[in-house]
Amino acid sequence: MTCHKERKLGLLGKKLGMTRFFAEDGTSIGVTVIELGPCLVLNKRSKAKGENGRSDGYSALRLGFAQKLERKVSKTEEGTLKKVGGKEKARSYIREMRVDDATAGKFEVGQEITIKDAEFKTGEYVDITGTSKGAGFQGVFARYNFSGSNASHGSHEYFRHGGSIGNRKWPGRVMKGRKMPGHQGNKKITTQNVKLVAIREEDNVILLRGSVPGPKNGYVIVRPAIKG
């Protein structure tokens, strides 16, 4: 049985793009702008037993970010939104954030969490989870940086191939994990230890120095660094 390490409370947000930030000594720093929150608490998970005598087995907050059009709300979602005020509270990006019991006890269903409520401080480091840019179907050159075959005399239409992928005696099949052409990108990526340069609470914005996965307007999860 694997043990899940509970993390500090993070927030959901959106990558807006890049700009420059001037430090106190006048140095120009390239930063990524993240719109962070406010996030609506849609539900809670608790280790304590509820009215039905059952326990979720862990503590977490189910957060929602970005307003969702009411016409796109399904009947199932409409039922779950009754606790927080109806369809006008629907959110497009919903994720569950595991936290400790003390943190979960600070917030109630229907409450909005802002940057001020989270544990972010200027100069510290954060972990960012997002979906990387998709690059479509790619060969082994673009996908794995293969060098290719020799372009010498005798080579014929074999310059950008991946080479042998196995043989027929043993194991009689292609082993799993073999580097071959396929879909590149569009995967869940977590970038750790990205520096938090500035926090602008009035605009619900933070400025980060470092790599942030995904395209502009892509949704991300920002948490205090687990290794920080």
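The side chains of E96 and R45 meet in a salt bridge, with 3.0 Å from N to O, where a salt bridge is a side-chain nitrogen of Lys or Arg within 4 Å of a carboxyl oxygen of Asp or Glu. Because E96 lies in strand 5 (residues 91-98) and R45 in strand 3 (residues 39-45), the pair ties together parts that are 51 residues apart in sequence; strands here (E, at least two residues) and helices (H or I, at least four) are DSSP runs, numbered from the N terminus. E96 counts as partly exposed at 32% relative accessibility, and R45 is also partly exposed, with a relative accessible area of 28%. In these terms, buried means under 20% relative accessible area, exposed means over 50%, and partly exposed lies in between, using a 1.4 Å probe and protein chains only.

The model is predicted, so local features need pLDDT of at least 70 and side-chain atom pairs count only at pLDDT 80 or more, while totals for chains, interfaces and linings use all residues. Residues are numbered from 1 along each chain as its sequence is written, and side-chain values use heavy atoms, with hydrogens and water left out.

Side chains of opposite charge can pair when their charged atoms come close. A search of the whole structure finds three salt bridges, and they are set out below.

| Salt bridge | N to O distance | Relative accessible area |
|---|---|---|
| E96 and R45 | 3.0 Å | E96 32%, R45 28% |
| E77 and K68 | 3.0 Å | E77 22%, K68 17% |
| E112 and R91 | 3.6 Å | E112 39%, R91 8% |

The side chains of E112 and R91 meet at 3.6 Å from N to O. This pair links distant parts of the chain, with E112 in strand 6 (residues 112-113) and R91 in strand 5, 21 residues apart. E112 counts as partly exposed at 39%, while R91 is buried at 8%.

The strands also form a closed barrel of six, running 1-2-11-10-7-12 with antiparallel pairing. Its twist averages 50 degrees from one strand to the next, where axes are lines fitted to C-alpha atoms, for helices over the stretch in contact, and angles run from 0 to 180 degrees between N-to-C directions. I128 stands opposite T191 in strand 10.

Strand 10 also holds N193, which is partly exposed with a relative accessible area of 37%. N193 and S211 are 18 residues apart in sequence and 9.6 Å apart in space, from C-alpha to C-alpha.

Turning to a helix, T103 is found in helix 2 (residues 101-104) and counts as buried at 8% relative accessibility. The side chain of T103 makes a polar contact with the side chain of D100 at 2.7 Å; such a contact is a pair of N or O atoms within 3.5 Å, and within protein one must be able to donate a hydrogen and the other to accept it, while residues adjacent in sequence count only if both atoms are side-chain atoms.

Methods. Pairing = 2+ DSSP bridges.
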